Amino acid sequence: MSRFIEGIHRTQFTLFPERIEDYITEDNPVKVIDAFVDALDLAELGFSSVHPRATGRPAYHPALMLKLYVYGYLNKIQSSRRLERESNRNLELMWLLNRLAPDFKTIADFRKDNGIGIKSCCRQFVMLCKQLNLFSDSLIAIDGSRFSAVNNRDRNFTQAKVKRRIEAIDKSIDRYLSQLESLDRQDRMIPQTKTRHIHKQLAALKQQMAEVKAIEEALELTPDKQISLTDPDARAMSTNARSSGNVGYNVQTAVDTQHHLIVAHDVSMAMGDRRMLTKMSVKAQEATGIDELEVIADRGYFAMEEIKSTVDVGITPYVPKTVTSSNRKMGLYDRRDFIYVEVDDEYKCPAGERLPRQTKTTQGNMLMYRYWSKNCGSCSLKPNCTIGKERRVTRWEHGKVIEIHERRMEENPTMMQLRKQTVEHPFGTIKSWMGMTHFKTKRLKNVATEMSLHVLAYNITRMINIMGVKPLIRAIEA
Ligand code: SF4
């Protein structure tokens, strides 16, 4: 007799329960998906073909396709081919889909054709969380991450990259030409295969050069001087001219600090986060319904105009200021050593001198005032202050907004720690579900749909963890 745990042999007759229902326990998350999708008004949310056509082959109901996708994204199965395979062998999916198994093309087309509906469905789940009062005490943390696109780095071109490629091809052509010259100078017989190989390489390089030159011309006509060949909307997400970094999309999320739910998200082709603060804050405010919303973001979001426009819509931002001046590194006083005296519209410098407003200038759309004193030349602190003729201080016309913001940051030093604890969780989870790979679809519109499915799956998982399956289903059905 074996000393191992024995199973039941596959040829053994058994009396299995006759209903698939009997295999799916009451606390199975698949029941949340079923209840949530059944509670949606799919026509109102923008799903196509909710009403069957009078003629032709009957289609799958959009609710069934949506359940399949939500299940897939909840279980790290995002590819349409894998979803087709799982529908045929996965007991939970057989239960969820009433044993239907759409083919991969139908599955893929549903995601492609129902972007609006899927995004609305994601918003609908956030509305449910709001109705359950989950955001009432929340602060919102905003963060962005770069997600890879289908586009390989080698198939993305910027002007700097094309220039480097042309230089590299030129160098290779020169090397082969000099090899040919040196072979010509030799007296001995050169094997024909060798010269044939060099000519072949030269022809290939010339062909490559023609292709790169064509891309160089096309780049001139693009607004952002960038071309991606596989997914035209994917962008190199690095500001470094020497490398294209990650080629993909900029994904923004607004996450509530209390339950770590994603209340709003956005996918864009923007390379940086500096223009995202107001946009994401407003989205978060609309989603949570909190009038006096407070948002936290890292220093990558700091832009004076963005701070002002966020404050203007009634939202309080917490964003550390980016220190761009090199004065402190050079051992000189920096901007913080100069105190603005509002009643006189002057600055007070470390020597106690007053710096009156002297001129105004513009930086982009921003009106800036410049202040300096005429006494700097005779000041004993000048070596610690400036290497120029006098120290000049620049102030934005709405500088007061920034000063209040800076004070708020000083009074709330724990905000950045709270941000870090909040936003890293959702991105880490979603990227791990994606398998640290790229989006499955191409083009911004489709990638945004995919991200909505990820966010919906993430939020459903969080809610199951917070409430449990049965109470969540009761809340959905209420
Ligand atoms: S150099 Fe000018 S601005 Fe600087 S401390 Fe002296 S007086 Fe003030």
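A residue counts as buried if 20 or more other C-beta atoms lie within 10 Å of its own, exposed if 12 or fewer, and partly exposed in between, with C-beta atoms placed from the backbone. Keep that in mind for the whole tour. What you have open is a predicted model, where local features need pLDDT of at least 70, side-chain atom pairs count only at pLDDT 80 or more, and totals for chains, interfaces and linings use all residues. Residues are numbered from 1 along each chain as its sequence is written.

**Stop 1: Lys 225**

Select Lys 225, in the loop between helix 9 (192-221) and strand 3 (226-228). Helices (H or I, at least four residues) and strands (E, at least two) are DSSP runs, numbered from the N terminus. Lys 225 is partly exposed because 13 other C-beta atoms lie within 10 Å. Check the backbone too: phi of Lys 225 is positive, near 50°, and the residue is not a glycine. Most residues other than glycine have a negative phi.

**Stop 2: Arg 443**

Now go to Arg 443, in the loop between helix 13 (415-434) and helix 14. Here is another non-glycine with a positive phi, about 75°. Arg 443 has 16 other C-beta atoms within 10 Å, so it is partly exposed.

**Stop 3: Asn 459**

Move along to Asn 459, which sits in helix 14 (residues 444-467). Is Asn 459 buried or exposed? It is buried, because 21 other C-beta atoms lie within 10 Å. Show its contacts (C-beta atoms, placed from the backbone, within 7 Å). Leaving out residues up to four places away in sequence, Asn 459 touches Phe 125, Val 126, Leu 261 and Ile 262. Ile 262 is 197 residues away along the chain, yet the two C-alpha atoms are separated by 6.5 Å.

**Stop 4: helix 7**

Phe 125 and Val 126 are among the buried residues of helix 7, which also include Gly 117, Lys 119 and Cys 121. What covers its buried residues? Among the elements doing so are helix 1, helix 3, strand 6 (262-268), helix 10 (277-288) and helix 14. After helix 7 comes Asn 133, with a positive phi near 60°.

**Stop 5: Leu 139**

Leu 139 is in the loop between helix 7 and strand 1 (140-148). It is buried, because 20 other C-beta atoms lie within 10 Å. Beyond four places in sequence, Leu 139 touches Thr 257, Glu 294, Ile 296 and Leu 418.

**Stop 6: helices 1 and 3**

Select helix 1 (residues 30-38) and helix 3 (residues 62-74): they pack at about 145°, with axes 10 Å apart. Those axes are lines fitted to C-alpha atoms over the stretch in contact, and angles run from 0 to 180 degrees between N-to-C directions. Helix 1 contributes Val 30, Ile 33, Asp 34, Val 37 and Asp 38, while helix 3 contributes Ala 63, Leu 66, Lys 67, Val 70, Tyr 71 and Leu 74.

Key: Two residues are in contact if their C-beta atoms, placed from the backbone, lie within 7 Å.
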